[in-house]
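Please have the sequence and the structure open while I talk.

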Amino acid sequence: YLAEAVVTEEMVRCGSGGVSAAFGAHKDLGLLYVANFGSSEQHERWLTPGIEGRLVGALGVTEPDAGSDVAAIKTTAVRDGNDWIINGEKLFITNGAWADFVVVAAKTEGGPDAGHGGITLFVVESGAEGFTQRRMQMLGWRTSQTGDLSFADVRVPDANRLGAQGSGFYAIMQNFAWERLSMALGQVAGAQRTYEAAKEYALERKAFDRPIGKFQVWRHRFADMATRIEAGRALTYGALRRYVDGENPIREVSMAKLYTSEVAFKVADEAVQIHGGYGYMMEFPIQRAWRDSRLGPIGGGTSQIMREIIGKTYGL
């Protein structure tokens, strides 16, 4: 996990939230679910070629009417002999439009209205009859192949079931911590990169015969940004340390995800302001940082959901 953390931080240097997200969804969602919950045969089918770069993976949980409330998903999988028939829709799936395989959460017990105990995971492969993948256009992450997935009587063999029947909800909850921690790592690194770009511009751009970064009003705002980034890094690294030690630091991970996502967008917003009119022009990369960072407080669990989780850990 420490190696994964380093990779996540360094990927941010590519300058594109969409590219970083695509790689992250492949390794931290699609592949990690197969690694943690798949059989040795399933490792050979999807994990090995995924690591080699021959297959792209994704995770399909979110639906039009169910995001953070995983138990509310409506996609169903009905047993038919040695196969399962899947029907439903998934939305906002990173890598969904071009994934070679998607780990799909579906209700197998009690129909769409069953609770969390009725969810099972299946691997659905691209090209399966009735399985449609469509790319979505977004404000940010424009290089990401985020997709809308539909399942119309998609038949998958029981050999594509990932883990025990009814264990899907628990698998998703187990992996949520790493997914959100990975996002926090990326957000801290992204905020740092945006800060560096803004500082470089502020020391080059002159007004009234001196660099704008030398004016007290901006020097103090840079100080605030740097302080918030360091606080986010400390919070995230603390959660990472606990996670690597084998703990389940739900509170600390939720705090890190909440704080860093809001800091990353705040830093990007300040950076646009520092650039003035140029920050609003598509030719300047700072506008991309602003658009890409806006998804942080939404994706992987909204800031509101993070606050709910944190509050509940304090018995509220």
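Predicted model: local features only at pLDDT ≥ 70, side-chain atom pairs only at ≥ 80, totals over all residues.

Let me begin with a question: where is Met136 found? Met136 sits in the loop between β6 (131-135) and β7 (147-157), where strands are DSSP runs of E with at least two residues, helices are runs of H or I with at least four residues, and both are numbered from the N terminus.

Residues are numbered from 1 along each chain as its sequence is written, and side-chain values use heavy atoms, with hydrogens and water left out.

Back to Met136, which at 15% relative accessibility counts as buried; buried means under 20% relative accessible area, exposed means over 50%, and partly exposed lies in between, with a 1.4 Å probe and protein chains only. The C-alpha atoms of Met136 and Gly147 are separated by 5.3 Å, although these residues are eleven places apart along the chain. If we leave aside neighbours within four places in sequence, Met136 is in contact (heavy atoms within 4.5 Å) with Leu91, Phe92, Thr146, Gly147 and Asp148.

Now to the charged pairs. The structure holds 16 salt bridges, each defined as a side-chain nitrogen of Lys or Arg within 4 Å of a carboxyl oxygen of Asp or Glu. One of them joins Glu4 to Lys27, with the closest N and O atoms 3.2 Å apart. Because Glu4 lies in helix α1 (residues 2-11) and Lys27 in helix α2 (residues 17-37), this pair ties together parts that are 23 residues apart in sequence. Glu4 is partly exposed at 26% relative accessible area, while Lys27, at 12%, counts as buried. Glu4 and Lys27 also belong, with Asp28, to a network of salt bridges.

A second salt bridge brings together the side chains of Arg13 and Glu196, at 3.0 Å from N to O. Here distant parts of the chain are linked, since Arg13 is in the loop between α1 and α2 and Glu196 is in helix α4 (residues 168-204), 183 residues apart. Arg13 is partly exposed at 46% relative accessibility, and Glu196 is partly exposed at 31%.

Asn175 is in helix α4 and is buried, with a relative accessible area of 2%. Not counting residues up to four places away in sequence, Asn175 touches Asp28, Leu29, Leu32, Tyr33 and Asn36.

Finally, how do α2 and helix α3 (residues 40-52) cross, and within what distance do their axes come? The axes come within 9 Å and cross at roughly 150°, where axes are lines fitted to C-alpha atoms, for helices over the stretch in contact, and angles run from 0 to 180 degrees between N-to-C directions. That makes α2 roughly antiparallel to α3, a label given to angles over 145 degrees, with under 35 roughly parallel, 65 to 115 roughly perpendicular and the rest oblique. Among the residues that meet there are Leu31 and Val34 in α2 and Trp46 and Leu47 in α3.
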